[in-house]
Amino acid sequence: MEQNQCTSCGRAIPAGVAQCPHCGATLAAAPPAYSSVPHRGGMILAFGILGLICCAPLGIVAWVMGNGDLAEMAAGRMDRTGSGMTQAGKICGIVAVVLWVVGAVISIMLFALGTAIPFME
Ligand SMILES: [Zn+2]
């Protein structure tokens, strides 16, 4: 069945009704057929996990894409059923980036320490 979304309360309502059964808002101005953009939760989650496992730049992609898509879902322009996966992918992406940065800082410190030791002796 075709479904619309209430412009007032955001809940799903049957297409073609003039009034929202949930909040009673008049829906004359609502679009006739609400078309939702499919979510990219699976892809974002895959990027986030790949970012954690091997390549941190994919974590950045998951983070940025997840942020954008969650904003689209909040605005009602994207399929919200993928919000859990999108959120999980975004978190994986953030963790991947943080681990990457921490790893880089530790490497630089170890390198600096390694070059400093001969001079201390
Ligand atoms: Zn409503």
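A residue counts as buried if 20 or more other C-beta atoms lie within 10 Å of its own, as exposed if 12 or fewer do, and as partly exposed in between, with C-beta atoms placed from the backbone. Residues are numbered from 1 along each chain as its sequence is written. The model is predicted: local features need pLDDT of at least 70, side-chain atom pairs count only at pLDDT 80 or more, and totals for chains, interfaces and linings use all residues.

**Whole chain**

Select the protein chain and colour by pLDDT, the predictor's confidence in each residue, from 0 to 100. The mean is 87, and 88% of the residues reach 70 or more. Switch to a cartoon: the chain has three helices and two strands, running β-β-α-α-α from the N terminus. Strand β1 (residues 3–5) has the lowest mean pLDDT among the elements, 79, while α1 has the highest, 96.

Of the 121 residues, 25% count as buried. Two residues are in contact if their C-beta atoms, placed from the backbone, lie within 7 Å. Of the contacts with a separation of 6 or more, 52% join residues 24 or more positions apart.

**Helix α1**

Next select 41–53, which is α1. The helix has 13 residues and reaches 18 Å from its first C-alpha to its last, close to the 18 Å expected at 1.5 Å a residue; the expected span is 1.5 Å times one less than the number of residues. Show side chains for the buried residues Gly41, Ile44, Leu45, Phe47, Gly48 and Gly51. They lie on the same side of α1 because they cover an arc of only 160° around the axis, the arc being that of the directions from the helix axis to the C-beta atoms. Turn to the face away from this buried side to find the exposed residues Gly42 and Ile53.

**Helix α2 and what follows**

Select 56–74 for α2. Its end C-alpha atoms are 27 Å apart, in agreement with the 27 Å that its 19 residues should span at 1.5 Å a residue. Buried residues here include Gly59, Gly66, Asp69 and Met73.

Pick Ile60, also in α2. Ile60 is partly exposed because 17 other C-beta atoms lie within 10 Å. Leaving out residues up to four places away in sequence, Ile60 touches Gly93 and Val97. A C-alpha to C-alpha distance from Ile60 to Phe47, 13 residues away along the chain, reads 8.7 Å.

Just after α2, Gly76 takes a positive phi of about 80°. Continue to Arg80, in the loop between α2 and α3. Arg80 counts as partly exposed because it has 18 C-beta neighbours inside 10 Å. Its C-alpha atom is separated by 9.4 Å from that of Asp69, eleven residues apart along the chain.

**The core**

Finally, select Ile44, Leu45, Phe47, Ala56, Leu58, Val61, Ala62, Trp63, Met85, Cys92, Ala96 and Val97, the twelve residues of the largest nonpolar core. Such a core is a set of buried Ala, Val, Leu, Ile, Met, Phe, Trp, Tyr and Cys residues joined through C-beta atoms within 7 Å. Colour by element: α1, α2 and α3 (83–120) each give two or more residues, and α2 supplies the largest share, five residues. Stop at Met85, which touches Gly41, Gly42, Ile44 and Leu45, not counting residues up to four places away in sequence.

Methods:
Helix = DSSP H or I, 4+ residues; strand = E, 2+ residues; numbered from the N terminus.
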